[in-house]
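Student: Could you take me on a close look at one part of this structure? I would like a connected walk through a helix and its surroundings.

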Amino acid sequence: MIVYHGSDLIIRHPDVNHSFRDLDFGRGFYVTTVRKQAEKWAKRKAFLKGSKPILNEYEMSSETDDLNVRDFGDDLDTWIDFVCQCRDGNLEYQQYDMIIGKVANDKVFRVVDMYHTGIWDKERALKEIRVYSGYDQIAFITQRAINQVLVFKNASEVAP
């Protein structure tokens, strides 16, 4: 399967050491199966840094039997709790080699805050959260998973 990573750099040898903040699934190297999604992230990152947007393309092996993989699928109930915990700095995600799930839009920050502070219960938060239909993210939490599953194929500049 082909997966993509949007950046302002060519990343031939991805690693988990350059993840600097707690994202949806914690610190790790993130890819997606959706090219358009990765291009959008590349443009966003390049704009913020005043650089060129780069789309990195990888072949992702399905040989994950010996890896601890958490796949949320369509389970938004468990997904929202996990995302809230990760964004709050909880390290539970570190028990996994890879985590797979949906991507929430920019309003996730508000929903997470409302849910965490107890202003909204989980039912209300799940109603409010908007998930990009067809968008996904795969977080590589361990270097072992990257080394076992990802092979760099190509990098190209994203057209404006």
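Tutor: Happy to! One term comes first: contact means heavy atoms within 4.5 Å. Keep in mind, too, that this is a predicted model.

Let's look at helix H3, residues 108-116. Its buried residues are Val108, Val111, Val112 and Tyr115. Buried here means under 20% relative accessible area. Looking down the axis of H3, you would find these buried residues within an arc of 100°, so they line one face of the helix. What covers them? The cover includes H2, strand E5 (98-104) and helix H4 (122-128). After H3 comes Gly118, with a positive phi near 85°.

Now step across to H2, one of the elements covering the buried residues of H3. H2 has buried residues as well: Trp79, Ile80, Phe82, Val83, Cys84 and Cys86. At the start of H2, a side-chain oxygen of Asp75 comes to within 3.3 Å of the backbone nitrogen of Asp77. You can check the length of H2 yourself: at 1.5 Å a residue, its twelve residues (76-87) should span 16 Å, and the end C-alpha atoms are 16 Å apart, which agrees. Just after H2, Gly89 has a positive phi of about 95°.

H3 and E5 are among the elements that give two or more residues to its lining. The largest share, eight residues, comes from H1. In total, 40 residues line this pocket, with His5, Arg21, Leu23, Trp41 and Lys45 nearest its centre.

Technical notes:
Residues are numbered from 1 along each chain as its sequence is written. This is a predicted model: local features need pLDDT of at least 70, side-chain atom pairs count only at pLDDT 80 or more; totals for chains, interfaces and linings use all residues. Side-chain values use heavy atoms; hydrogens and water are left out. Helices (H or I, at least four residues) and strands (E, at least two) are DSSP runs, numbered from the N terminus. The expected span of a helix is 1.5 Å times one less than its number of residues. Buried means under 20% relative accessible area, exposed over 50%, partly exposed in between (1.4 Å probe, protein chains only). A polar contact is a pair of N or O atoms within 3.5 Å; within protein, one must be able to donate a hydrogen and the other to accept it, and residues adjacent in sequence count only if both atoms are side-chain atoms. The arc is that of the directions from the helix axis to the C-beta atoms. On a 1 Å grid over the protein atoms alone, a cavity is a set of points where a 1.4 Å probe fits but cannot get out, and a pocket is an open set with protein on both sides within 12 Å along at least five of seven lines; lining residues have an atom within 4 Å of a point.
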